[in-house]
Amino acid sequence: MTTHPPAAGNGIHYFAQGWKLIRLPGIRRFVLIPLLVNVILLGGAFAWLFHSLGRWIPQLMSHVPEWLQWLSYLLWPLTVLSIVLVFSYFFSTLANWIAAPFCGLLAEQLEGRLTGQPMPDSGWLAMCKDVPRIMKREWQKLAWYLPRALGLLLLYFVPGFGQTVAPVLWFLFSAWTLSIQYCDYPFDNHKVSFPQMRSALRQHKTDNMQFGALVSLFTMIPLLNLAIMPVAVCGATAMWVDRYRHQLGQDTRRRNDIR
């Protein structure tokens with residue numbers, strides 16, 4: 001018997017579901033390690049960032065052209081937002097690398113709980129066997145992400161445009177990237193290829209952008225951002241179960257049977 005409703009919702013629904021699902025009995029112990037990684041890495045990084053912002057902001061604002069000085073009241077918060085966005089995504093990506101095998105295990109255990117059909121090869125031992133494959137998948141995501149991120153970061157050095165439009169583009173890019181990052185755990189558990197996963201997510205891009213945007217926003221909020229990794233994994237897993245599992249999970253099992 002499943003504990004999750006079969007009807008698919010939007011990205012906001014699945015983000016809210018994530019906060020509920022991390023508290024399920026039997027799931028909480030799989031939440032612990034991703035939570036600890038996030039607390040130690042993201043918590044420490046943000047403490048250092050907020051200590052350093054007072055030095056960085058005046059230096060960055062000194063590069064704003066004189067003809068844009070009248071917009072300083074708007075550019076100052078946009079600059080702060082840009083730094084926090086880039087910083088939060090960088091350290092959340094690092095935390096995801098470290099915690100990737102445990103996030104995959106959390107997605108696997110939660111899917112079994114939601115569907116009442118645990119995966120046949122699951123648990124801590126299976127996770128250890130899958131570490132090379134999981135890390136290879138993380139490299140795939142990094143190779144997809146880096147050229148696009150570097151292109152967006154270069155926009156920040158364009159006078160005027162960099163201080164106004166680039167933060168908005170970065171936020172949208174972060175929303176899509178975080179949706180890919182967290183949805184990938186249940187997809188990868190079923191060995192759905194990275195290109196096939198991105199294609200499936202694009203079919204519901206608005207919902208996935210909603211989900212990723214909320215993850216991105218909460219990643220910037222002190223204290224709440226410490227729990228965001230397991231919350232996002234659980235929300236993305238619920239989305240997989242409701243929206244993608246029947247079609248893609250069946251397709252993957254057929255391919256494995258043929259092999």
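Colleague: At 15% relative accessibility, does Arg245 count as buried or exposed?
Modeller: This is a predicted model, and in it Arg245 has a relative accessibility of 15%. Since the cut-off for burial is under 20% relative accessible area, Arg245 counts as buried.

Colleague: Which residue forms a salt bridge with Arg245, and in which helix does that residue lie?
Modeller: The salt bridge of Arg245 is made with Glu111, and the closest N and O atoms of the two are 2.9 Å apart. The pair links distant parts of the chain, 134 residues apart, with Arg245 in helix H9 (residues 228–258) and Glu111 in helix H3 (residues 72–115). Glu111 also counts as buried, because its relative accessibility is 2%. The partner and its helix are therefore Glu111 and H3.

Colleague: Why does the pair of Arg137 and Asp188 tie together parts that are apart in sequence, and how many residues apart are they?
Modeller: Arg137 and Asp188 form a salt bridge in which the closest N and O atoms are 3.5 Å apart. Because Arg137 lies in helix H4 (residues 124–155) and Asp188 in helix H6 (residues 166–189), the pair joins parts of the chain separated in sequence. Arg137 is buried at a relative accessible area of 5%, and Asp188 is buried at 8%. The separation in sequence is 51 residues.

Colleague: Which residues are linked with Arg137 in a network of salt bridges?
Modeller: The structure holds seven salt bridges, and a network of such bridges includes Arg137 and Asp188.

Colleague: What is the separation between the C-alpha atoms of Met209 and Trp176?
Modeller: Met209 lies in helix H8 (residues 205–219), and, leaving aside its neighbours within four places in sequence, Met209 is in contact with Leu172, Ala175 and Trp176. Met209 and Trp176 are 33 residues apart along the chain, yet the separation of their C-alpha atoms is 5.4 Å.

Colleague: Within what arc do the buried residues of H1 fall?
Modeller: In helix H1 (residues 11–21), the buried residues are Gly11, Tyr14, Phe15, Gln17, Gly18 and Leu21. Seen down the axis of H1, these buried residues line one face of the helix, because they fall within an arc of 160 degrees.

Colleague: How many helices does the secondary structure of the protein chain come to?
Modeller: Buried residues make up 53% of the 259 residues in the protein chain. The chain has zero strands, and its helices number nine.

Key. Residues numbered from 1 in each chain as written. Predicted model: local features only at pLDDT ≥ 70, side-chain atom pairs only at ≥ 80, totals over all residues. Heavy atoms only, no water. Helix = DSSP H or I, 4+ residues; strand = E, 2+ residues; numbered from the N terminus. Buried < 20%, exposed > 50% of the residue type's maximum accessible area, 1.4 Å probe, protein only. Contact = heavy atoms within 4.5 Å. Arc of directions from axis to C-beta. Salt bridge = Lys/Arg side-chain N within 4 Å of Asp/Glu carboxyl O.
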